[in-house]
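Biologist: I'm new to this one. Can you put it on screen and walk me through it?

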Amino acid sequence: MCAPLVDIDRDGDIDLVTGTTGDVSGQTADAPYRAFINDGMGMIPESPTALPAGVTGNGFDLEPGDFDGDGRLDPFLESRRGTDLLRLAEQSRN
């Protein structure tokens, strides 16, 4: 399992993205990636809308980095087989 801490929703609270190496042989890529959004009050519930629907892979690595140059960390989800995903941090709603 890999699980970087990154502020996905840009509200100043650290959120969590997880990926699971479902098939260590790398033959399938159907393990779900999941996002947990910090509500700022001590709870980090799973958020089904934080990642695109149906995002699966063989969670090889998740790396946060500022890929769009806006000063915020964006998670890059790398799959051993299947599609890699770059999730850019959203604009602040405040």
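**Strands and a ring pair**

Modeller: Strand 2 (residues 15-18) and strand 4 run antiparallel and are joined by 3 bridges. Strands here are DSSP runs of E, at least two residues long, numbered from the N terminus. Two strands pair if DSSP finds at least two bridges between them.

Biologist: Before we go on, what kind of model is this?

Modeller: This is a predicted model; local features need pLDDT of at least 70, side-chain atom pairs count only at pLDDT 80 or more, and totals for chains, interfaces and linings use all residues. Residues are numbered from 1 along each chain as its sequence is written, and side-chain values use heavy atoms, with hydrogens and water left out.

Biologist: Back to strand 4. Which residue there stands opposite Val17?

Modeller: Ala35.

Biologist: What is the strand order in that open sheet?

Modeller: The order is 1-2-4, with 3 strands and antiparallel pairing. Strand 1 (5-6) and strand 4 (34-36) are the edge strands, and each pairs on one side only.

Biologist: What holds strands of a sheet together?

Modeller: They pair through backbone hydrogen bonds, either parallel or antiparallel.

Biologist: New topic. How many bridges link strand 6 and strand 7?

Modeller: There are 6, between strand 6 (residues 59-65) and strand 7 (residues 74-79), in the antiparallel sense. Asp61 has Glu78 in strand 7 as its bridge partner.

Biologist: And how many join strand 7 to strand 8?

Modeller: Strand 8 (residues 85-86) is joined to strand 7 by 2 bridges, again antiparallel. Phe76 has Leu86 in strand 8 as its bridge partner. The hairpin of these two strands has 5 residues between them, and Gly82 there takes a positive phi near 105°.

Biologist: Is Leu85 buried or exposed?

Modeller: Leu85, in strand 8, is buried because its relative accessibility is 18%. Buried means under 20% relative accessible area, exposed over 50%, partly exposed in between (1.4 Å probe, protein chains only).

Biologist: What does Leu85 touch?

Modeller: Leaving out residues up to four places away in sequence, Leu85 touches Leu51, Pro52, Val55, Pro75, Phe76 and Leu77. Contact means heavy atoms within 4.5 Å. The C-alpha atoms of Leu85 and Pro75 are 8.3 Å apart, with the residues 10 apart along the chain.

Biologist: How many aromatic pairs are there?

Modeller: The count is 1. Phe67 and Phe76 form a tilted pair, 6.2 Å centre to centre with 55° between the planes. Rings of Phe, Tyr and Trp (its six-membered ring) pair if their centres lie within 6.5 Å; planes under 30 degrees apart count as stacked, over 60 as edge-to-face and the rest as tilted.

Biologist: Why does Phe67 count as partly exposed?

Modeller: Because its relative accessibility is 46%. Phe76 is partly exposed too, at 26%.

Methods. Helix = DSSP H or I, 4+ residues; strand = E, 2+ residues; numbered from the N terminus.
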